[in-house]
Amino acid sequence: MHVRKLRLLTPGPTPLFPPAIRAMSAPDMHHRTKDFIDVYKGVTKDLKYLYGSDRSVAVFASSGSGAMEAAVSNLFSPGEKVIVCQAGKFGERWTKLTKAFGLEPIVIEQPYGTPVEPEQVEQALQENPDVSGVFLQASETSTGVSHDVEAMGKIVAKTDAILVVDAITGLGTQPLDVDGWGLDVVIGGSQKSVMIPPGLAFASVSQKAWDKGEKASNRYFYFNLKAHAEGAEDGNSPFTPPTSLMLGLGAALEYIREIGRDGLIENAQTLARATREAAQALGLELFAVKNPAGSVTSIKAPEGIDSSAIVKAFRDDYNAIIANGQGSMKGQIFRIAHLGYFDFHDLFATIAELELILSGLGHKVEFGQGVAAVQRVYAEVTAKQ
Ligand SMILES: *Cc1c(COP(=O)(O)O)cnc(C)c1O
């Protein structure tokens, strides 16, 4: 018998920031009192810092998909032609969501593990000058691929279309210049880089997108983007906000200010690089070769081993939850997350356990090779500081 702490190593929900947990257990608080309004205003200010933009950030009491839905329902009309960059399960969600609201998506589909290229978007826009929106994921969490959001933004900015970015795992893991790159709608979620439980969704909206929204005719009621964005400015949500999550968010954002927005991104990017190098040192193949994400690293299970067996061994042997592949990728790949409250300590342990697990499943492993790769990255980045 030995102690086995439960550890969540998935790309959402992610490990919780302990001071945020304490903040969430604060005593009774009414959302229309000055105490809470001050909390909300502070959160709005800090969300703007996280986004690196002065635009108001609407906060919804929902999972991330709620803000995705708000973008579609508030800013588009039935019958509008849009482009969806579909590089994985979350891209597929854009396709379904736009169709659900009567839009007509032109789907640029890439095989799992591969990003949509900016040139493909440019070409689709040229061929379809009546397109009014482009949808993409900054980081496609299901495959571990990131998109070239900067190039996409600059292409879409030259047209009348607006760019809607699902940055739910992109925020805090890769640079996003919201104003400079022309990112019209940028969506985030609480259970990813901001280190708190699921239940909040964020959306920042450009003037170009608000202007488009003025003319839009889709229906919505609760997911009113403008009301939530305006409410964020004066600390008054149009409906009852989840006060405990807001208190937790405030504490987590304070920490993010301390380490810096760029520090948070660099942390994810460095752990991502170390994870890739560890995987390769163990003779494993990466699933996302082009534009690997900072949020999560997807790794192919070795020949003859089902990735579900690796996921199960992590849970059974170490009480650690890692992510399997989704959909047809289930059984083929496993995913190691490193967004938000992840550190080198987590990765050293994860890779050491992976070595033991792979060896137990019959993959030839020389113990320590993966861990050594992480140690080399750690030594390199700390020497520079
Ligand atoms: C987690 C995630 C979402 C949101 O999913 P919800 O379950 O609605 O929170 C959307 N897009 C991406 C890329 C994600 O990683």
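These questions and answers concern a predicted model with two assigned domains.

Reader: What makes domain 1 and domain 2 count as being in contact?
Author: Contact requires heavy atoms within 4.5 Å. By that rule 29 residues of domain 1 are in contact with 32 residues of domain 2.

Reader: What is the area buried between domain 1 and domain 2, and which atoms give it?
Author: The size of an interface is often given as the accessible area lost when the parts come together. Between domain 1 and domain 2 the buried area is about 2500 Å², and carbon and sulfur atoms give 62% of that. On the side of domain 1, R261, L264 and Y341 lose the most area to domain 2, together 27% of what that side buries.

Reader: Why is the pair E117 and K290 called a salt bridge?
Author: The cut-off is 4 Å between a side-chain nitrogen of Lys or Arg and a carboxyl oxygen of Asp or Glu. The closest N and O atoms of E117 and K290 are 2.7 Å apart, so the pair meets the definition. Between domain 1 and domain 2 the count is one salt bridge. Nine residue pairs across this interface are in polar contact.

Reader: Which elements supply the side of domain 1 that touches domain 2?
Author: At least two residues each come from α10 (261-281), β11 (296-300) and β14 (333-337). The largest share, six residues, comes from α10. By class, that side has 15 nonpolar, eleven polar and three charged residues.

Reader: Why is D46 with R257 a salt bridge, and what does the pair tie together?
Author: The closest N and O atoms of D46 and R257 are 2.5 Å apart. The limit is 4 Å, so the pair qualifies. D46 lies in helix α2 and R257 in helix α9, so the pair ties together parts that are 211 residues apart in sequence. The structure holds 14 salt bridges.

Reader: Which residues come nearest to the ligand?
Author: Of the 14 residues around the ligand, S63, S65, T141, D166 and K192 come nearest. A polar side-chain atom of D166 lies 2.6 Å from a nitrogen atom of the ligand.

Conventions:
Residues are numbered from 1 along each chain as its sequence is written. This is a predicted model: local features need pLDDT of at least 70, side-chain atom pairs count only at pLDDT 80 or more; totals for chains, interfaces and linings use all residues. Side-chain values use heavy atoms; hydrogens and water are left out. Domain bounds come from an automatic or database domain assignment. Buried area is the accessible area (1.4 Å probe) that two parts lose on being put together, summed over both. A polar contact is a pair of N or O atoms within 3.5 Å; within protein, one must be able to donate a hydrogen and the other to accept it, and residues adjacent in sequence count only if both atoms are side-chain atoms. Helices (H or I, at least four residues) and strands (E, at least two) are DSSP runs, numbered from the N terminus. Ala, Val, Leu, Ile, Met, Phe, Trp, Tyr, Cys and Pro count as nonpolar, Asp, Glu, Lys and Arg as charged, and the others, Gly among them, as polar. A residue is near a molecule or strand if one of its heavy atoms lies within 4 Å of it.
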